[in-house]
Amino acid sequence: MDLDINLYNTLSLKKEKFKPIKNKKIGLYTCGPTVYNFVHIGNIRTFIFEDILRRTFEYNGFKIKHIMNITDVGHLSSDADEGEDKMTLALKRENKPLTLKAMKEVADFYAERFKEDIKNLNIKMPSLMPKASEHIKEDIGIIKRLERKGFIYKTSDGIYFDVSKFKNYGKLGRQKKIASQKYSRININPEKKNPADFALWKFNDKLGWKSPWGEGFPGWHIECSAMSTKYLGQPFDVHTGGIDHIQVHHQNEIAQSEAAYENPLAHYWLHGAFLIVDQKKMAKSDGTFITLKDIKEKGFNPIAFRYLTLGTHYRKPLNFSWKSLESAQKSLEHLYNQLLTISNQPIDKNKIDKKFKENFLKAINDDLNIPQALALIQKLLKSKLKTDEYKLSTILDFDRVLGLKIKENIAPIKIPREVEELAKRRESLRKEKKWEEADHLRKKILELGYKIEDIKKGYILKRSEHMVR
Ligand code: AMP
Ligand code: ZN
């Protein structure tokens, strides 16, 4: 079954039919985290959207080369190239010496935590996660090209890209006006020729690398140009990130890469909307900066957070609250329970319902309409026309895209005879309306490491750590 994939492209501000550069192989570049701290659930929402995009391509039969960079150097604290480098700030916060070695230690620590988060959330590992600090040579290579072509100039604090020389500056999301307006108010660096000019290299004689222009470190944007081009070529197919990157970071990636190589950087640009917490932007000071660790510590399953984000289309803002996570977890458990009741069916690739699969494909290929795809699951489960065998095989097939770990959570478990007996006795007591005694047995079952859940057709026994597979 071949269906077109239509994706909203920030370059044209329209949904476009996806056409790959190579026949069945796609190059995907997603901006990765700056590893100066734990990632927060806003970042995670974007990483989940990108995972769904990748899985959608794979479900359609494409092979993916997915590159996600790790920013372990060079991300300044503001988009206007002002303020301190985020990694330097992390060294100060953690009372570490200002050396490249200490910087690497901090970066490696948070990069590892990030990889753990990825695993917990069932996000597929990118094909490669290159580090900015290991691509300084490639950064310098692009800056040299730009120098030869006359796009750069030097100030007392660094090497800058002259946006007035690149006639298409601001083409992403047609933000030409906005980009210059943004800086006209806060033109902090009087040496810049144009407010939107950005640093390619920042001088620093205490910390950094050698370059033809002086010691220092690369600007933030250049790393993504260097790594995407190195691993995917130019142009490549799809580039993604959160919407906050449209106006400056991605605009600047496009300017420097296209000026250097006289080729488009990427054909499709997709951006995920923000996650906000209690209607506010996430900030450390008011407790709205939430990480996956916080979610786990409160007893939630990371997949429940994944499920929560899937309920809102990626281009719509998502307001997070603990209540919404609670109900997402409940719905997810309900779904697992529904499937548990039919989990004794054989799983058979040939028993995938054609009509439902077609509708599922239509939904995901329509700019990743996952809320609509999720609704199909309940529709299928309620359908009287389909057999349990078809239901189970079809939903497991959908989970290749959704990544809700359905198979792991409905896998049969061996229940000890003692627990089975207790459960049966409890069921009889309930029928006799002897609630107190029944509840006593429920507690006994829990002490033995199992929990009992009542459903329409009786009960289900699970391991009590059921949710953390
Ligand atoms: P950063 O480490 O700041 O480069 O962010 C990593 C990714 O998370 C980027 O794609 C950002 O656009 C995205 N991002 C940052 N904040 C949020 C948020 N509140 N909601 C959704 N995505 C975000
Ligand atoms: Zn980037």
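# Close-up views of the predicted model

**Asp-454 and its partner.** Asp-454 counts as partly exposed, at 38% relative accessibility (buried means under 20% relative accessible area, exposed over 50%, partly exposed in between, with a 1.4 Å probe and protein chains only). The side chain of Asp-454 meets that of Arg-426 in a salt bridge, with N to O at 3.0 Å (a side-chain nitrogen of Lys or Arg within 4 Å of a carboxyl oxygen of Asp or Glu). This pair links distant parts of the chain, 28 residues apart: Arg-426 is in helix α15 (residues 417-431) and Asp-454 in strand β13 (residues 450-455). Helices (H or I, at least four residues) and strands (E, at least two) are DSSP runs, numbered from the N terminus. Arg-426 has a relative accessible area of 4% and is therefore buried. Elsewhere, Asp-51, Arg-55 and Arg-306 form one network through salt bridges that share partners.

The model is predicted: local features need pLDDT of at least 70, side-chain atom pairs count only at pLDDT 80 or more, and totals for chains, interfaces and linings use all residues. Residues are numbered from 1 along each chain as its sequence is written, chains are lettered from A and ligands numbered from 1 in the order in which they are written, and side-chain values use heavy atoms, with hydrogens and water left out.

**The whole chain, for orientation.** The chain has 16 helices and 14 strands. Its C-alpha trace spans about 85 × 55 × 35 Å along the principal axes. Of the 469 residues in the chain, 54% are buried. The structure holds 31 salt bridges.

**Polar contacts of ligand 1.** The views of the ligand start with its N and O atoms; a polar contact is a pair of N or O atoms within 3.5 Å, and within protein one atom must be able to donate a hydrogen and the other to accept it, while residues adjacent in sequence count only if both atoms are side-chain atoms. Asp-244 places a polar side-chain atom 2.5 Å from an oxygen atom of ligand 1. A polar backbone atom of Thr-34 is 3.1 Å from an oxygen atom of the ligand. In the side chain of Thr-46, an N or O atom lies 2.6 Å from a nitrogen atom of ligand 1. On its own, ligand 1 has 490 Å² of accessible area, and the protein covers 91% of that area (Shrake-Rupley method with a 1.4 Å probe; for residues, only the protein chains shown count as cover).

**The shell around ligand 1.** Ligand 1 is surrounded by 16 residues, and the closest are Gly-42, Thr-46, Gly-242, Asp-244 and Leu-275 (a residue is near a molecule or strand if one of its heavy atoms lies within 4 Å of it). With four residues, α1 gives the most to this shell. By class, the shell has six nonpolar, nine polar and one charged residues. Ala, Val, Leu, Ile, Met, Phe, Trp, Tyr, Cys and Pro count as nonpolar, Asp, Glu, Lys and Arg as charged, and the others, Gly among them, as polar.

**Glu-138 and Lys-230, a salt bridge between two helices**. The side chains of Glu-138 and Lys-230 meet with N to O at 2.8 Å. Glu-138 belongs to helix α4 (residues 136-148) and Lys-230 to helix α6 (residues 220-232), 92 residues apart, so that the pair links distant parts of the chain. Glu-138 counts as buried because its relative accessibility is 18%. Lys-230 is partly exposed, with a relative accessible area of 44%.

**Asp-397 and Arg-400, a salt bridge inside one helix**. The N to O distance between these two side chains is 2.5 Å. Both residues lie in helix α13 (residues 388-402), three residues apart, about one turn of the helix. Asp-397, at 7% relative accessibility, counts as buried, whereas Arg-400, at 43%, counts as partly exposed.

Gln-234 and Pro-235 are joined by a cis peptide bond, with omega at about 5°. Lys-405 is not a glycine either, yet its phi is positive, at about 55°. Lys-405 is buried, because its relative accessible area is 15%.

**Cysteines Cys-31 and Cys-224**. Cys-31 counts as buried, at 7% relative accessibility. Cys-224 has a relative accessible area of 0% and is therefore buried. With a disulfide taken as a pair of cysteine sulfur atoms within 2.5 Å, the count comes to zero disulfides.
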